[in-house]
Amino acid sequence: MGQETTNASDVRQDSTRYSVRSTLRVPGPVDRAFAVFTDRLADWWVKEYTWSGPQKLAKIGFEPGVGGMAYEIGPHGFRADWGRVLDWQPPRRLVFNWQIGPDRAPVPDPAQSSVVEARFAPQADGTTLVEVEHRDFDRHGEAAEGYREALTAGWHELLSRYAAAVESGDDED
């Protein structure tokens, strides 16, 4: 569930040299859209994008609140933290460091990591506008532009799967 890609054409993207912004509308209220994004990451994150891989990933998620970690738990309980929550304003906004380098290695220094900001805005028709901006790729060094290009495609895939998870209507963890 949630691993199928749907409505891929509904994800709109624009980019600059060091950032990519993706927007889409999902059905339902803003609190549900935020909860699926933050509490049900395992339902839509591409498991091949994790360090544990699809067969060994036990859990992936966000610790709620400023200072919380974006993490995955893999085989034998091994935990890999791949980001830190910088701003947590449910159900409207989440900002976190992206502490994964272009070579997929952890980036322990937050000053050398890019930043992801997700905003959720209720719409008059009962849908939620979701905007995800991944910026500051220049902090990743010489590979910054290529990394931004790769993650432009990556975010398109992730958000297509996120839309499918929201549309599934399954609110169970």
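Helix H3 covers residues 144-168, and its 25 residues should span 36 Å at 1.5 Å a residue; the end C-alpha atoms lie 35 Å apart, which agrees. The expected span is 1.5 Å times one less than the number of residues. Helices (H or I, at least four residues) and strands (E, at least two) are DSSP runs, numbered from the N terminus. The model is predicted: local features need pLDDT of at least 70, side-chain atom pairs count only at pLDDT 80 or more, and totals for chains, interfaces and linings use all residues. Residues are numbered from 1 along each chain as its sequence is written, and side-chain values use heavy atoms, without hydrogens and water. After H3 comes Gly169, with a positive phi near 75°.

Now turn to helix H1, residues 30-39. Its axis and that of H3 come within 10 Å and cross at roughly 125°. That angle makes H1 oblique to H3 (under 35 degrees is roughly parallel, over 145 roughly antiparallel, 65 to 115 roughly perpendicular, the rest oblique). Axes are lines fitted to C-alpha atoms, for helices over the stretch in contact, with angles from 0 to 180 degrees between N-to-C directions.

Which residues in H1 meet H3? They are Arg32, Ala33, Phe34, Val36 and Phe37, and they meet Leu159, Tyr162, Ala165 and Val166 in H3 (contact means heavy atoms within 4.5 Å). By class, this contact has 8 nonpolar, no polar and 1 charged residues.

The aromatic pairs come to 16. Rings of Phe, Tyr and Trp (its six-membered ring) pair if their centres lie within 6.5 Å; planes under 30 degrees apart are stacked, over 60 edge-to-face, the rest tilted. Phe34 and Trp88 pair edge-to-face, at 5.4 Å centre to centre and 75° between the planes. This pair links distant parts of the chain: Phe34 in H1 and Trp88 in strand S5 (residues 79-89) are 54 residues apart.

The peptide bond from Pro90 to Pro91 is cis, with omega near 0°.

Definitions and conventions
Ala, Val, Leu, Ile, Met, Phe, Trp, Tyr, Cys and Pro count as nonpolar, Asp, Glu, Lys and Arg as charged, and the others, Gly among them, as polar.
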